[in-house]
Amino acid sequence: MRLFPRVMRGIRRSQDQAVAHIAVPLSPRHVAALEHLRESPLSVGTLADRLDLSLSTVSGVLADLDQAGLVERSADQTDRRRTIVQIRPGARLAVEEWLDGASAPLARVLDRLDASERAAFIKAMDMLEAEFRGSSSEGGPATPAAT
């Protein structure tokens, strides 16, 4: 447990250094949202589901990212009640570089592990995430999420 605060501080420092030019402070939630949006545009509801956050929390994260000029939101053409969010085309390169830079320390560490050690690390992280997810809603153990 003593390691987690130091690891989280290191992650935040790494992220802050990667986006020193952005006026809005970005957190791990911003990183997670951008990682999902990196793949494709998503509705706000789908993003909230994937992040396991409330719609209002995700709306706040998206407002920060919009203020930083990194994402844009628009009405879904097939269902005007839904909002679609995507990385701004002009910001895509900066977002890609930032995400790659923010994940670089973890990638370097994982590269030092052999395949079985990497698999064990990923399994442990999945199990920990599932435990937190399960204990926050049901109070019991949960099964690991798919990687």
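This is a predicted model: local features need pLDDT of at least 70, side-chain atom pairs count only at pLDDT 80 or more; totals for chains, interfaces and linings use all residues.
Leucine 47 is buried, as its relative accessible area is 0%. Leucine 47 belongs to helix 3, which comprises residues 44–51. When neighbours within four places in sequence are left aside, leucine 47 is in contact with Ala33, His36, Leu37, Leu42, Val58, Leu62 and Val85. The C-alpha atom of leucine 47 is separated by 9.9 Å from that of leucine 34, a residue 13 positions away along the chain.

One of the contacts of leucine 47 is Leu62, a residue of helix 4. With a relative accessibility of 1%, leucine 62 falls under the limit of 20% and therefore counts as buried. Residues up to four places away in sequence not being counted, leucine 62 touches Leu37, Val44, Leu47, Val71, Arg73 and Val85. Between leucine 62 and alanine 33, which are 29 residues apart along the chain, the C-alpha separation is 8.1 Å.

The overall arrangement of the chain may now be considered. The chain contains 6 helices and 3 strands. Read from the N terminus, its elements follow the order α-α-β-α-α-β-β-α-α. The chain has 147 residues, of which 26% count as buried. Its accessible surface amounts to about 9700 Å², and carbon and sulfur atoms contribute 56% of this area. Among contacts with a separation of 6 or more, 41% are between residues 24 or more positions apart.

The 3 strands form an open sheet with the order 1-3-2 and antiparallel pairing. Strand 1 (42–43) and strand 2 (71–75) stand at the edges with a single partner strand each, so one side of each has no neighbour in the sheet. In general, the strands of a sheet pair through backbone hydrogen bonds, in either a parallel or an antiparallel manner. Strand 2 pairs with strand 3 (residues 83–87) in the antiparallel sense, over 5 bridges. Along this pairing, glutamate 72 stands opposite glutamine 86 of strand 3, while alanine 75 stands opposite threonine 83 of strand 3. Strand 1 and strand 3 also run antiparallel and are joined by 2 bridges. Here serine 43 has isoleucine 84, in strand 3, as its bridge partner.

Helix 4 (residues 55–67) lies across strand 2 and strand 3, and it runs at about 120 degrees to strand 2. The loops on either side of helix 4 were examined next. Aspartate 52 is located in the loop between helix 3 and helix 4. Its relative accessible area is 54%, which is over the limit of 50%, and aspartate 52 is therefore exposed. The phi angle of aspartate 52 is near 60 degrees, a positive value in a residue other than glycine. Alanine 68 is found in the loop between helix 4 and strand 2. Alanine 68 is partly exposed, because its relative accessible area of 21% lies between the limits of 20% and 50%. Alanine 68 and alanine 91 are 23 residues apart in sequence, and their C-alpha atoms are 9.8 Å apart in space.

Helix 5 spans residues 92–111 and has a kink of about 45 degrees at alanine 104, shortly before proline 105. The buried residues of helix 5 are Val95, Trp98, Leu99, Ala102 and Leu110. One of these, Leu99, is in contact with arginine 38.

Arginine 38 is a residue of helix 2 (residues 28–39). Apart from neighbours within four places in sequence, its contacts are Ile87, Arg92, Glu96, Leu99 and Asp100. The side chains of arginine 38 and aspartate 100 are joined by a polar contact of 2.5 Å. Arginine 38 and isoleucine 87 are 49 residues apart in sequence, whereas their C-alpha atoms are 7.0 Å apart in space.

Notes
Residues are numbered from 1 along each chain as its sequence is written. Side-chain values use heavy atoms; hydrogens and water are left out. Helices (H or I, at least four residues) and strands (E, at least two) are DSSP runs, numbered from the N terminus. Contact means heavy atoms within 4.5 Å. A polar contact is a pair of N or O atoms within 3.5 Å; within protein, one must be able to donate a hydrogen and the other to accept it, and residues adjacent in sequence count only if both atoms are side-chain atoms. Buried means under 20% relative accessible area, exposed over 50%, partly exposed in between (1.4 Å probe, protein chains only). Accessible areas come from the Shrake-Rupley method with a 1.4 Å probe; for residues, only the protein chains shown count as cover. Two strands pair if DSSP finds at least two bridges between them. Axes are lines fitted to C-alpha atoms, for helices over the stretch in contact, and angles run from 0 to 180 degrees between N-to-C directions. The bend at a residue is the angle between axes fitted to the seven residues ending there and the seven starting there.
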